[in-house]
Each structure stands twice: as C-alpha cells, then as structure tokens.
Amino acid sequence: MSFGDKVKNYFTTMTREEKIGYGLLAVILLVVYMIRQKFLSIPFERDEGAYAYYGKMLLDGKIPYKDFYEQKLPGVFYFFAFIITIFGSTVEGLHTGFIFVNLISIVFIYLAVKNFFSAYAGVISAATFAIVSLTPYLSGFTIQSEHGVALFTCIGLYLFSLTLRSDNKLIMFAFGLSMGMAFMTKTSGIFVAFAGGLITLIDAFFRKKGFKTIILSALIYTSGVVLVGLLFLMLMFSKGSYDDMVFWVYELPKYYVNKIPFEQGREYFKAMYQMITTNYKFFWYHAFLALPLFIFKSVEWRHKLIALVIFFFCFITIVPGYYFYGHYWIQVIPGLAFISGLTYHLITNTLSQTFKLKSPAIPYAYLALFAILVFNHLSSQKSYYYHPNYDRILKSVYGNNPFPESMEIAKFLNTKMKAGDQVAIVGSEPQIYIYTNSKAPTRHIFFSTIVANLPQHKDWQKEFVKDIETAKPKYFVFFNVPISLLVQPNTDQYVFNWSNKYVTENYKVIGVADMPDNAAPNYVWGDAVNTYKIMGPSYALVFERK
C-alpha cells in the first residue's frame, strides 16, 4: 500500500469524534496564528537577543564558549541557528519561526492527549496550551528558549503515547532523543527527561511487562537521552571548546546556587504565579481540577499517575535557583495542558458512567461550555491579543528594562552604520546586534557578567577592555540603567573608569534615549544632543568615534 493510500485509508476510518477533533484543532491553530501575527515586530528582551545572536554567530562559523560566552548548554545555540536558517535573523523572521514552534507544539500535545484519552480531551489540552502560552507575564509573545523545551516535551509525549499501542523500540528511542533535546536546549529540561524515564517505568509496571522488558524499555529510552548529550559533547570537543563549556555550563553556575533563600524564593513564586494567572485563572483552575478528581475510578490509575508525573516534573523545571522568572513557566505548559485533558476525561467519563449516558451529549456540552469561556477570555483581553501596544506590554512585563529603547537606538544606528561597523555596549542589551545585523566587538555580550561578584570578574573586565581597544568600534552605547548594568556590590570599577576615559578621548555624543520616570522616553539625535538636558534617572547615550 502506498503512502497516499495509507493516508486516505486513515481519514476514511476516522471516527466522528476524531474528525470533529481535527476540525477544532484547525480552528485553534488558525486563531493562534492570527493572534501571534500581531506580535511579529515586538522588540526582544535581552535573553531573546542573546540566543538569536548566538545562533547567528554559530552559522557564521564561530565557536561556542570561545568566540562568545554563555552559561547555557550548546543545544540552544543550534536550535536558534536552525530557526534562523529557515526564517532569517530579523525580528519578524525570528518571531515567525517561533509562531511555528508554538503551532507544532499545540499539534503534538493534541495528538499525545488524543492517544492517551480521546480526541475531545486533546482539543481541551490544545486550547489550554494555545491560550496559556500567550500569557504576557509568562513571556508568551517572545522567542525564549523555553518555547523550545516545550516543543521537544510535546513531541516526546506524543512519541510516548504511541508506545501505549505498540512496544516499538525505535519509537521509544526517538522518545528519548526528544526529551534529550529538551535537556540540551535548557538545563532545566533534565527534569522532563527524567519524567520520560519514570513514566516509561510506570507504564511498563501497570501493563505487567516482565522484568527484562521493563529494564530494556528503560535502557532504550535512556540511550536516546544520553546519545543527544554525547553528540553535543563530542561536537564541542571537536571544536576545541569542551573545557570552556565545562567551565561556563557547570563550574560557573555553582556560584548562583542557593543565592536566593528559600523564604525569598517562596515570595517570588507567589508574586509571579499571581501575575501569570491574572486573566488566565480559568485555564489553570480547570487543569488543577484533575488533582482532586483522581479519586474517581472512571480512568485507570496508570493514566492518572502518568499525567501527574508529567505535570509535576514540568513544574519542577521552574524551581532551581528560586528565581521563578516568567519565561521559566513556559516549560510548565505541556504538563498543565496534559492534566487539563485529564480533567475533561475524568469529568465526562464519571458523568457518563454515573448516569449511564451513551449519547455524546455530555462531551458536546463540555466542549461548548469550554469554547464559550475561551471566547469570553479572548474578548476580555482583545486589546492585548488584537491591538497590542508593544511599549505598554514590554513596560508592564519587564518594568524599566530598556527593551523598547534598544530598538529605537538600533533604528538610529542603522541610518548611520555601514557594512563592517561595530557597536560596543556598556549594558546587557545584545538584541541591538540583531537589530543592526552586526557583530559584537567582544565575547562578553552580557555586560552584567563582568560586574558580577564572581572570582573571575576582574579578569573578564580586562578582557572586555582589550577586545574593545583592539576592535576600535565605530559606535558606543552606554546604558545608564541599573537593571541593564546590574552592577553587584563589591565588584571592581576598573571597566567604568576605563570607559569614561576611553569614550571621552575617542568618541562624541550623537544620540540620547532619555527615560524619565512615569513618562514616555524621549529620543534626541544628532546636533540637538548638544543642548538637550537629560530629565530621567535612566538614560542611554549613543557615541560615534571621532
């Protein structure tokens, strides 16, 4: 039978529920695409800019941990390089790429939950993933690396769902590969990789497989996870940056462990949870209903325990360090969507069995009510979804971070820069390198690292200075913004003393981005800067080499 015949046969043998499910999935994908199109030109925050820059440098032949410094595992560089290869390195291109990352994630979470429970449960999960992943305080409109973790988690869950019907060893191995990629994309992805192994064991135990079969399944899955890690380690070794990677990825993060006390972290969690769930409580509470409903016997314990493990370990990804940053929570969404589908399955099965109803009245009523609540949510947040004000959103989510201002500065620089011109930045705003399509004159694109209270920071300041003096960049941008500089107590001031002298002697001011409190930023370019008086406590100065 040809592939075309197989596809035709599949669609002709689909049940009514599956056909409706795919139809509703198509509607969800269309709505999400239309909404996300509205955010194509929204400025990046600094992490987005950094990841995009690393991906671009990788494609230019640069070596991770040698030509640019970062504390992330190498998978994230290659993930962004892949997106850039297909969609380009412009703001619009990268946002377009991540629209498809999101849409593909929605499709796979639908398929996973469909195989676990039912097509309608898959619709509930897909809708939950789609809407919650748009949450502003969760950085849903961004191109954060956590969207990659969510993608590989969803793909992995789908592959695992296939093993429920077949003990295909190749699918189990592919499941391990996908969860391994989640880990390599972001270190916290190790928790979803661990969850994959645990649910493999739970499934094998409840299906009463033999001891040897259980061990074999675990080994096949684990080999997939380990192989991904080994491939990236070998790749770094071949590039001569293995030791550098060990330092940046393993040694350096030790200084950040336990930096935030548990009590303070708990307050961070409460505050962030409140912000993230504001206007989205229905989707979170609906999913959480699965937990008390576990006592109902309408769904077998194997599926309930697997769903609980998936959610728990997706949630654990946000815990390390007790920072609980909004974009960390993107990793929770696959687990949240999964138990949301379980809530539907538990409620509809229990009602059908209790009242002995065989008609689709209960599922239809549930889907209709869920659709009404989703529509009500979209209507209540229409200004965000359909008429987004970029500056207002960025200031609401990121406070005084100069993310809108960075794009305006870059637009001004683009009117002056020529091919090969470079920009030095005092401040942690690497997104400017994406906006100007230029290369940083230093390996330290996060200025905050060289003014952090780390043993190596003095040496890094000297390295930064040497990089700048060697490159002699045509332009210099200084962010007098505390949250961008992020200078920690008891750090050396050498780099500031040097920059004041070096910039004064070699550069002239050609632009000001003034950021007064509780007011819109004011931009002054060209000769007008000579008579302009800065009003705000925070500002950025743009310099051109004399």
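**View 1. The buried side chain of H377 in a predicted model.** H377 is buried, with a relative accessible area of 6%, a value that falls under the 20% limit used for buried residues. The structure shown here is a predicted model, and H377 has its place in helix α16, which covers residues 361-380.

**View 2. Surroundings of H377.** When residues up to four places away in sequence are not counted, H377 touches I131, N279, Y280, F283 and Y385. With one of these residues, Y385, the side chain of H377 is also joined through a polar contact of 2.6 Å.

**View 3. The open sheet of five strands.** In this sheet, 5 strands follow one another in the order β1-β2-β5-β3-β4, and their pairing is mixed. Strands β1 (423-426) and β4 (522-525) are the edge strands, each of them pairing on one side only. On average, and with direction ignored, neighbouring strands of the sheet are turned by 15° against each other.

**View 4. Pairing of β1 with β2.** The edge strand β1 pairs with strand β2 (residues 475-480) in the parallel sense, over 4 bridges. Within this part of the sheet, A424 stands opposite F476, a residue of β2.

**View 5. Helix α24 against the sheet.** Helix α24, formed by residues 494-506, packs on the sheet and touches β1, β2, β3 (507-515) and β5 (538-545). The direction of helix α24 makes about 120° with that of β3.

Methods
Residues numbered from 1 in each chain as written. Predicted model: local features only at pLDDT ≥ 70, side-chain atom pairs only at ≥ 80, totals over all residues. Heavy atoms only, no water. Helix = DSSP H or I, 4+ residues; strand = E, 2+ residues; numbered from the N terminus. Buried < 20%, exposed > 50% of the residue type's maximum accessible area, 1.4 Å probe, protein only. Polar contact = N/O pair within 3.5 Å; in protein donor to acceptor, adjacent residues only side chain to side chain. Contact = heavy atoms within 4.5 Å. Pairing = 2+ DSSP bridges. Axes fitted to C-alpha atoms, helices over the stretch in contact; angles between N-to-C directions.
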